[in-house]
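Student: I have not seen this structure before. Could we go through it by question and answer?

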Amino acid sequence: MRTAVSLKALPAIIVLAVLAYLPYVPIEVPGLLPGRVNGPGSLQLLATCLVIAGIALSYDVIFGRTGLLSFGHALFVAAGSYLLTISLSDWALPLPVAILLSLGVTTLLALVVGGIALRVGGIAFAMVTLAFAQAASIIVMRNAGGLTGGEEGKSLNRDAVPELLVGVANAPYRYWLALGFVVVAFVIVTLLVRSRAGHAMAAVRENEARAAVLGFDTYRVKLLAIVVGAVLGGLGGIVHALVLGGSNPHVTTTEFTLALLIMVVLGGAGSMWGALLGGFLYSYADARLVELSGAGFLDALPDVVQQVLSEPLFILGLFFIIIVYFAPAGLTGLGGRLIRRGRAT
């Protein structure tokens, strides 16, 4: 039994070891990263991708594990991010207190939003969560009370943050912080999935009526999924603010939640590796395509091709359609199918 568990954990340990060692790799990967692997630009890009991957995993708890289509997950990510920056910059709270406050308020928001939205089901549930998220986005964009910075975002008070997380030279530490968040999220979701609550979530996802007949309190099961996903999302927002040096209003928008949905479906809904892979690849492709769209080599191409390649969302959308058409179970489902086919032959 222990040997089997160890073998299952081996791939995760290998991936973690490789990722943790990247800040010591001085080689260049032309076209894939902006400079050396351990250069500040590359590590900042990888750190951002890791944070988004962890946030995508938090959304998968709600959507992939429990089958709840929420359009309001950005609310929880934004709550963690903005409460941290406001607590440090305007309220002069110590970093540990600011983190606890951010997570506490995020949990309370999850209980309120989930408690109200779960009174309805289906598309009505999605619309209620969307309404809450839109309200929060409007508050942030309008710079209510002069606290959020509006469309410019909110910068962190660097004096309240450990020196190891500030400055170009400390990019490796921000990268390791992002990697640590992914590990924490992965462990928490793994424990949740293997628990009785995780089995109840799977039952609700497959057939809520049957789960109720079997004696599960489906309302509490769904509320637990929302709270766990929200807390992990809020923690992701906190790490996102620390990695980027402030809060970005983009994390408050509906587009951000829709992007998380695409990430989860792209990687494979209900799969931890799928959510992480989809989140990482989507955020990486988005960042790199934006950079490549402004590259000079496009000038030599026909106007029609230039217009297409200069729109990263078009390319990402086309890639998403192809994956959904040829691999409805996502990238991890496609990988598993190819592995099984290889073993059969």
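Student: Which element supplies the largest share of the lining of the largest cavity?

Tutor: This is a predicted model. Two helices, H4 (95–117) and H5 (123–141), each supply at least two residues of that lining. The largest share, 3 residues, comes from H4.

Student: How many cavities of 30 Å³ or more does a search of the whole structure find?

Tutor: Rolling a probe the size of a water molecule over the atoms shows where empty space is left. The largest cavity holds about 50 Å³ of space. With the cut-off at 30 Å³, the number found in the whole structure is 1.

Student: How do the residues of the lining of the largest cavity divide into nonpolar, polar and charged?

Tutor: Among the lining residues are Ile62, Phe76, Val113 and Ile226, and also Ser70, Gly114 and Thr129. Gly is counted among the polar residues here. The division is 6 nonpolar, 3 polar and no charged.

Student: Leu19 lies in helix H1. Is Leu19 buried, partly exposed or exposed?

Tutor: Helix H1 covers residues 2–21, and Leu19 is in it. Buried means under 20% relative accessible area, and exposed means over 50%. Leu19 has a relative accessible area of 22%, so it is partly exposed.

Student: What is the phi of Ala92?

Tutor: Most residues other than glycine have a negative phi. Ala92 lies in the loop between helix H3 (73–89) and H4. Its phi is positive although the residue is not glycine, with a value near 55°.

Student: Is Ala92 buried or exposed?

Tutor: The cut-off for exposed is over 50% relative accessible area. Ala92 is above that cut-off and therefore counts as exposed, with a relative accessibility of 64%.

Student: Where does Asn143 lie?

Tutor: Asn143 is not a glycine, yet it has a positive phi of about 55°. Asn143 is also partly exposed, with a relative accessible area of 29%. Its place is in the loop between H5 and strand S1 (154–155).

Note on methods. Residues are numbered from 1 along each chain as its sequence is written. This is a predicted model: local features need pLDDT of at least 70, side-chain atom pairs count only at pLDDT 80 or more; totals for chains, interfaces and linings use all residues. Side-chain values use heavy atoms; hydrogens and water are left out. On a 1 Å grid over the protein atoms alone, a cavity is a set of points where a 1.4 Å probe fits but cannot get out, and a pocket is an open set with protein on both sides within 12 Å along at least five of seven lines; lining residues have an atom within 4 Å of a point. Grid points are joined across faces, edges and corners, and a volume is the space filled by probe spheres set on the points. Helices (H or I, at least four residues) and strands (E, at least two) are DSSP runs, numbered from the N terminus. Buried means under 20% relative accessible area, exposed over 50%, partly exposed in between (1.4 Å probe, protein chains only).
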